[in-house]
Amino acid sequence: MNAPIAIIGTGIAGLSAAQAPHAAGQNIELFDKSRGSGGRMASKRSDAGSLDLGAQYFTARDRRFVEVVQQWQARGWVAEWQPSLYNAQDGQLSASPDEQLRWVGSPRMSAITRAMLGALPVKFSCRITEVFRGDRYWSLLDAEGNSHGPFSHVIVATPAPQASALLAAAPKLAGTAASVIMDPTWAVALGFERPLDTRVEGCFVQDSPLDWLARNRSKPGRDNHLDTWVLHASSAWSRQNLDMPKEAVIEQLHGAFAELIGCAVPAPSFTLAHRWLYARPAQAHQWGHWPTPTSACTPVATGACRAASKVPGSAAKMLHAACSSTCNEHARQAPSQPTQTAVVEMDGRAAAESRASFPGDRTDPRRARQRPRRRAASGAHTTQPAARLASTARYRALAARLALTSKAIACDATSGRHHLPTQENQYQTYTKHLTCITTHL
């Protein structure tokens with residue numbers, strides 16, 4: 001039996017990556033330093049009810065992700081949120097209605113990740129500090145000095161600064177993750193005994209310490225015994241006031257909220273502050289593929305939570321990546337070298353409305369692998385050096401594995417699991433390409 005796959009992080013990226021291998025019968029073990037799942041989609045239980053302090057909503061524009069969200073809706077995991085939207089600039093509020101369909105977890109954002117987690121084995125309050133490789137398998141070391149393993153693969157699904165420390169065995173990945181600068185975000189929740197006299201339920205804010213605000217109770221299934229609001233500070237303000245005491249953060253953001261909301265704002269009966277140290281990257285990043293002599297390392301850039309307002313395409317991206325990468329590895333009977341996959345959450349700040357796209361739509365690692373250049377040598381065609389192409393047997397075996405993976409995806413499509421016809425076509429095309437290569441070796 002194959003060793004299980006370890007996944008570090010139980011946010012939307014890590015749990016999405018777990019779905020395909022688990023459905024294929026592969027054993028999975030999850031680890032998270034927090035007390036529960038969700039990551040930056042986690043919801044805070046409080047005296048004012050459940051509060052979405054991190055990701056506020058998500059959109060689905062990619063056809064494949066739309067199908068996934070429809071399944072979530074049918075299971076009661078998500079519901080549509082139709083807020084009365086406004087923009088605030090230079091202290092002026094203006095209505096900003098649109099036709100965009102927005103989704104939220106029901107009855108809280110963390111409901112999605114809780115449902116995805118299901119009965120998967122997980123160790124919470126377990127901070128992994130080191131990932132190291134043996135002759136055949138990977139092992140993990142936690143902050144308490146306990147060892148976990150062996151594992152055939154390791155998926156690191158954490159914010160990039162946290163991932164870089166775990167990728168010492170993959171220097172190129174570690175360097176890529178270390179180069180990502182993450183911005184912080186202060187989040188504040190306010191609860192009022194009487195509803196505020198305003199029609200605002202969501203607002204994008206410019207030229208203010210605030211970046212976003214939402215009437216939490218306007219979301220489906222939320223507790224409404226208090227009029228609860230969630231405020232997100234801008235990245236610049238959060239960075240400048242990173243170590244400010246929570247009481248001072250609440251006071252300043254409450255004042256900024258009172259100035260722009262356009263109605264009388266009494267003293268709140270409930271307050272709460274939370275600092276997201278790694279809320280979103282300062283710049284957008286794309287994923288890439290760096291093969292090394294001893295391991296196949298594939299970082300997948302995902303957006304876990306746009307701290308200002310939404311969840312970008314982590315789920316869609318990771319469902320796609322899990323089918324295209326992890327299932328392919330699972331098809332191998334006994335890998336000669338252990339494999340580490342880093343799901344490095346980098347691409348959280350895209351546009352005003354993040355497109356739920358798949359990494360393979362743009363920079364698929366299989367497409368990044370160039371066709372071998374042919375050159376004349378004694379009148380015969382040859383390929384690139386043997387170190388790059390290995391042997392004919394190896395490539396034939398790889399082609400066979402890819403063919404099996406393609407069939408597996410087709411079977412998944414038949415059974416309704418992650419139907420990815422484009423992936424199937426890519427696998428078939430790549431298989432033909434590799435077969436063509438072997439004829440010239």
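Visitor: What share of the accessible surface belongs to carbon and sulfur atoms?
Guide: This is a predicted model. The accessible surface of the protein comes to about 19,400 Å². The part of that area belonging to carbon and sulfur atoms is 49%.

Visitor: Is Arg45 buried or exposed?
Guide: Arg45 is found in strand E3, residues 44–46. Beyond four places in sequence, Arg45 touches Ser50 and Arg108. Exposed means over 50% relative accessible area. Because Arg45 has 57% relative accessibility, Arg45 counts as exposed.

Visitor: Which residue stands opposite Glu80?
Guide: Strand E5 (residues 78–81) pairs with E8 in the antiparallel sense, over 4 bridges. In strand E8 (residues 102–105), Arg102 and Val104 point one way, while Trp103 and Gly105 point the other way. The residue of E8 that stands opposite Glu80 is Trp103.

Visitor: Which residues touch the most other members of the largest nonpolar core?
Guide: In soluble globular proteins, nonpolar side chains tend to be buried together. Here the largest nonpolar core holds 32 residues. Elements that each supply at least two residues of this core include helix H1 (12–23), helix H2 (63–74), E5 and E8. The members touching the most others are Phe58, Val69, Trp72, Val78 and Ile112.

Visitor: Which strands stand at the edges of the open sheet of 7 strands?
Guide: The order of this sheet is E7-E6-E15-E16-E17-E14-E18, with mixed pairing. An edge strand has a single partner strand, so one side of each is left without a neighbour in the sheet. The strands at the edges are E7 (92–95) and E18 (270–281).

Visitor: What angle does the direction of helix H7 make with that of E14?
Guide: Helix H7 (residues 246–260) packs on the sheet and touches several strands, among them E6 (85–89), E15 (202–205) and E14. Strand E14 (residues 182–192) itself pairs with strand E17 (residues 227–233) in the antiparallel sense over 6 bridges. The directions of H7 and E14 make an angle of about 70°.

Visitor: What percentage of the residues count as buried?
Guide: A residue counts as buried under 20% relative accessible area. The protein has 441 residues. Of these, the buried share is 54%.

Key
Residues numbered from 1 in each chain as written. Predicted model: local features only at pLDDT ≥ 70, side-chain atom pairs only at ≥ 80, totals over all residues. Heavy atoms only, no water. Buried < 20%, exposed > 50% of the residue type's maximum accessible area, 1.4 Å probe, protein only. Areas by Shrake-Rupley, 256 points an atom, 1.4 Å probe, with all protein chains shown as cover. Contact = heavy atoms within 4.5 Å. Pairing = 2+ DSSP bridges. Core = buried A, V, L, I, M, F, W, Y, C linked by side-chain atoms within 4.5 Å. Axes fitted to C-alpha atoms, helices over the stretch in contact; angles between N-to-C directions.
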